[in-house]
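Hi,

Here is the structure I said I would pass on to you. Have a look at it first, and then read my notes below.

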Amino acid sequence: MEQRLRDEAKTLLEQGKVDYIIGFEPGSLKFTTTPLITKDKDDIDRLVINPFIVNNLSVFLTEIEGRVGIVAKGCDSRSIVSLIQDNKVAREDIVILGVPCPGIIDLGKVERLAGKDRDELDDITRDGDKVMVTVDGKKNESPVTEVLYDNCLGCEFPAPQEYDVLLGEPGPLAADKAASRQGIEALEGMPPEQRWEFWKEEFSRCIRCYACRNVCPACFCQRCFVEESEPQWILPVPRWQDNLIFQVIRNIHVAGRCTDCGECERACPVNIPLRSLTKEMYDIVGDLFHFKAGMDKDAPPLMTHYEYEEAEDLIR
Ligand code: SF4
Ligand code: SF4
Ligand code: SF4
């Protein structure tokens, strides 16, 4: 897949079909990748596809002017389609280089499994349903479901839904739906008072860095409500009450746009389990409106559209 990607990306730049390529290159830390945004075909050999291409690169599309070739996994392709539905980007300006995704490896889970820090690991490789972690020269094999991100374990559409080039053959995903919703189920099982205390505690740790918002392709407002001063919705001081309001409103804003890519939770520097909110909203949108974000570029966005049958008396 990697060589095919490099060939396709180089051709796109050489033929002037795109101005930029957005993909992944190796990160400076072990077992990481970092976004590569380039218009130079000499950079193309740095592009990689591996089990650590975690970021949802579609977040960059609204910031780049010109035609773009972009590497997209299943969830990323749906975020791109969602941006097209919201008229944030034009389909003809984007060449989607689709990656059939087998799930992304969560280094935190690997560390817990191996009982070692990532810097102490010699190697992490994947072969189908197995992951091999080498420590001190000894290779340990585990089911890959033990180390995939929770959102990947519950992924419904690992293959891109919209693409111009599909870089490989879609294969089965090592899923574990129960594990994917474990944290959410635990919260649902709590009495409301306990759940309230849980979130109060969690949002007391929020430092309002806005990383969760900034990495989210569905959070595309030019001026976010948190920066409004007339009216002022929340205080700039990160009190837990305002932090909670920030996330509640953010979740409503991304309803019908969120593709459960997991980026917001991954970006949070204090590990607040944000996916318990976003995935719950994703499921509510699916159950109530039979709507899944980013599946059809020609469909109207959820929040701008309603059916007569679903209208409450207030609307009718
Ligand atoms: S959510 Fe699906 S498409 Fe996205 S990274 Fe995980 S497995 Fe891949
Ligand atoms: S990323 Fe975490 S700490 Fe930063 S604003 Fe979001 S919830 Fe708060
Ligand atoms: S809310 Fe989180 S999971 Fe949903 S699209 Fe945004 S970054 Fe991805």
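Let's start with an open space: the second largest pocket holds about 500 Å³. A pocket here is an open set of points on a 1 Å grid over the protein atoms alone, with protein on both sides within 12 Å along at least five of seven lines, and a lining residue has an atom within 4 Å of a point. Grid points are joined across faces, edges and corners, and a volume is the space filled by probe spheres set on the points. The second largest pocket is lined by 24 residues, and Cys 216, Cys 219, Phe 220, Cys 221 and Gln 222 are the closest to its centre. Helix H8 (211-214) and H9 are the elements that give two or more residues to this lining, and H9 gives the most, with 4 residues. (Helices are DSSP runs of H or I with at least four residues, strands are runs of E with at least two, and both are numbered from the N terminus.) By class, the lining splits into 12 nonpolar, 5 polar and 7 charged residues. Ala, Val, Leu, Ile, Met, Phe, Trp, Tyr, Cys and Pro count as nonpolar, Asp, Glu, Lys and Arg as charged, and the others, Gly among them, as polar.

Before you go further, note that this is a predicted model: local features need pLDDT of at least 70, side-chain atom pairs count only at pLDDT 80 or more, and totals for chains, interfaces and linings use all residues. Residues are numbered from 1 along each chain as its sequence is written, chains are lettered from A and ligands numbered from 1 in the order in which they are written, and side-chain values use heavy atoms, with hydrogens and water left out.

Next, the domains. The protein is divided into domain 1 (2-104 + 148-311) and domain 2 (105-147), with bounds from an automatic or database domain assignment. Their C-alpha centres lie 25 Å apart. Across the boundary, 15 residues of domain 1 are in contact (heavy atoms within 4.5 Å) with 16 residues of domain 2. About 1,300 Å² is buried between the two domains, and carbon and sulfur atoms give 57% of it. Lys 30, Phe 31 and Leu 148 supply 47% of the area that domain 1 buries against domain 2, more than any other three residues. Buried area is the accessible area (1.4 Å probe) that two parts lose on being put together, summed over both.

Where does the largest pocket lie? Both domains give residues to its lining, so it lies between them. Its volume is about 940 Å³. Of its 39 lining residues, Asp 106, Tyr 149, Glu 265, Arg 266 and Asn 271 are the closest to the centre.

The largest cavity has a volume of about 190 Å³. Among its 22 lining residues, Cys 75, Asn 151, Cys 152, Cys 155 and Asp 260 are the closest to its centre. H2 supplies the largest share of that lining, 3 residues.

Last, a hairpin. Strands S1 (residues 20-26) and S2 (residues 33-38) run antiparallel and are joined by 6 bridges; two strands pair if DSSP finds at least two bridges between them. Pro 26 stands opposite Thr 33 in S2. The hairpin has 6 residues between its strands, and Phe 31 in the turn has a positive phi of about 60 degrees.

Cheers

Note on methods: 1 Å grid on protein atoms, 1.4 Å probe; cavity = no way out; pocket = protein on both sides within 12 Å on 5 of 7 lines; lining within 4 Å.
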